[in-house]
Amino acid sequence: MVQMKRELGDSAVVLSSRTIHRDGSAYIEITAGVDEQPPAHTIRINPEVQKYVEQLVEQLRTQQRLSTPSPSPEPTAAAVEATSGAAFLPPLPLDPSSALFPLPPQLETLWNIFLADGYAPDVLRPIMQSRFADLLHDPAEQGTSRILNAILDRCLFADPGWLLNTTAQRLFFIGPSGSGKSSFIAKLTAWLQRHHIGTTLLTTDTYKVDGSTLLDVTAELFKLPYAKFYTAQEMHQYLTETPPATPVVLIDTPGWNLADETQRRELLGFYEATQPTATILVIPAYLLLSHTLTIWQYSQPFHPSYGAVTKLDETFAFGSLLSFLSKTRLPLAFASTGSEIPHDFRIASRELLFAYARQSLEHRMQNQMEQTDGTNA
Ligand SMILES: Nc1nc2c(ncn2[C@@H]2O[C@H](COP(=O)(O)OP(=O)(O)OP(=O)(O)O)[C@@H](O)[C@H]2O)c(=O)[nH]1
Ligand SMILES: [Mg+2]
């Protein structure tokens, strides 16, 4: 039995046995069986994916790519031609839930650069997996754009004309303290006036010194209907008795902490009094993803309809923002690219975010190359 287990493993079982007499000696012949089922963890791997990866790794091994630390930064024309002529396997849509298999060095660099720029691994992983073979072909810059475009494909942008063709929009602005809500409302007001769209300004930010100063000045400058409220009741009464007649009404709020139940309840009182047609969530681009997702969670009672991203100029990594947009699918409507009122206002677009995000990734890639050069020197 010991010999059987040693030769066939622990799962071997005796099926039959008999005694054989040969040359005057007696032998016991055992017929044993082994369960041929592979272990459970092997079964879970998609066999097509496994086969594909094995073939790919074999192909790379043949070309000695896995054993060389990294390709030289400036490949020669001959080397480029030789590489592009290589017969790679066609791309296979891999199962996004499967673990990321070991990456060859040229994709590891891309993966690390995106991670360093704040992109969430669970956003990045399925994209890199599904474009695995294409990315292996691409030079680094092209690969970066390919991944970035795939992430932007998952982000939503508001129709740029939605506010220009409106007849009755009440926009309720929420967002963390100092996110740029009041400045943004001032910028948006100027933009609406340039497009001759009647605007009323309302503020509930009457809880702190100077909370409403920016809107006082903006309303005065453009001679707009304007009111301030200290309580939700006051606001409700005002809106019931004298509902604003302008096509657009912008409502500023204090930068209360939505995770704080008391503050959230008070803000909800204003929200219910306003009965807005849309809630705009104002978020600075530099916040960490864990932070924006928490804000997102606590902002659900306000039903955020659109996003306005601020401080693009003060942000040096755009992965958190793009991961947030791709995860929440919150349509981005506006952007603020600086503190100057009214100039630093943009209608959000895919092209705008691509430009900012690409620049940051390029910068990171350049730094990495300089570091590699420094290490090699
Ligand atoms: N660099 C830069 N600064 C901005 C931007 N938007 C707003 N700011 C600045 O950020 C600071 C806060 O802006 P506010 O508009 O007061 O922010 P808020 O969300 O209304 O703040 P609270 O009402 O206190 O919650 C001000 O100094 C603004 O000038 C932007 O896009 N870029
Ligand atoms: Mg404010």
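**Ligand shell, cores and backbone geometry**

The side chains of Ser182 and Asp252 make a polar contact at 2.6 Å. In this predicted model, Ser182 is part of helix 9. Its relative accessibility is 17%, and Ser182 therefore counts as buried, the limit being 20%. Apart from neighbours within four places in sequence, Ser182 is in contact with Gly211, Leu214 and Leu215 as well as Asp252. Ser182 is also one of the residues closest to ligand 1, together with Lys181, Ser183, Asp313 and Ser336.

The shell around ligand 1 comprises 17 residues. Helix 9, which spans residues 181-194, supplies the largest share of this shell, with four residues. For Lys311, a polar side-chain atom lies 2.9 Å from an oxygen atom of ligand 1. For Asp313, the corresponding distance, to a nitrogen atom of ligand 1, is 2.8 Å. An N or O atom in the side chain of Glu314 is 3.1 Å from a nitrogen atom of the ligand. Taken alone, ligand 1 exposes 650 Å², of which the protein buries 76%.

Thr315 is located in the loop that runs from strand 8 (304-310) to helix 14. A polar atom of the Thr315 side chain lies 2.7 Å from the backbone oxygen of Lys311, and Lys311 in turn has a polar side-chain atom 2.9 Å from an oxygen atom of ligand 1. Thr315 has a relative accessibility of 5% and so counts as buried. Beyond residues up to four places away in sequence, Thr315 touches Ala285 and Tyr286.

Helix 14 (residues 319-328) is mostly covered, with nine of its ten residues buried. The buried residues of helix 14 are Gly319, Ser320, Leu321, Leu322, Ser323, Phe324, Leu325, Ser326 and Thr328. Leu322 also belongs to the largest nonpolar core, which has 60 residues; Leu322 is among the members that touch the most others, along with Phe114, Tyr119, Ile147, Ile151 and Leu312. Leaving out residues up to four places away in sequence, Ile147 touches Leu110, Phe114, Leu124, Ile127, Met128 and Leu135. Another core, of 25 residues, lies apart from this one and includes Trp162, Leu171, Leu201 and Val282.

Ala190 is another residue of helix 9. With a relative accessibility of 7%, Ala190 counts as buried because the value is under 20%. Outside the four places on either side in sequence, Ala190 touches Phe222 and Pro342. The C-alpha atoms of Ala190 and Leu221 are separated by 9.7 Å, and the two residues are 31 residues apart along the chain. Pro342, the contact partner of Ala190, lies in the loop between strand 9 (332-336) and strand 10 (345-347).

Backbone geometry was examined next. Most residues other than glycine have a negative phi, and most peptide bonds are trans. The peptide bond from Ile341 to Pro342 is cis, with omega near 5°. Lys223 has a positive phi, near 55°, and is not a glycine. This residue lies in the loop between helix 10 (213-222) and strand 5 (226-228). Lys223 is exposed, since its relative accessible area of 62% is over 50%. Arg329, likewise not a glycine, has a positive phi of about 60°. Arg329 follows helix 14 and lies in the loop between that helix and strand 9. Its relative accessible area is 40%, and Arg329 is therefore partly exposed.

Across the chain as a whole, there are 15 helices and ten strands. Buried residues account for 42% of the 377 residues. Of the contacts between residues at least 6 apart in sequence, 74% join residues at least 24 apart. The chain exposes about 20300 Å², with carbon and sulfur atoms supplying 53% of that area.

Definitions and conventions:
Residues numbered from 1 in each chain as written. Chains lettered and ligands numbered in written order. Predicted model: local features only at pLDDT ≥ 70, side-chain atom pairs only at ≥ 80, totals over all residues. Heavy atoms only, no water. Core = buried A, V, L, I, M, F, W, Y, C linked by side-chain atoms within 4.5 Å. Buried < 20%, exposed > 50% of the residue type's maximum accessible area, 1.4 Å probe, protein only. Contact = heavy atoms within 4.5 Å. Near = heavy atom within 4 Å. Polar contact = N/O pair within 3.5 Å; in protein donor to acceptor, adjacent residues only side chain to side chain. Areas by Shrake-Rupley, 256 points an atom, 1.4 Å probe, with all protein chains shown as cover. Helix = DSSP H or I, 4+ residues; strand = E, 2+ residues; numbered from the N terminus.
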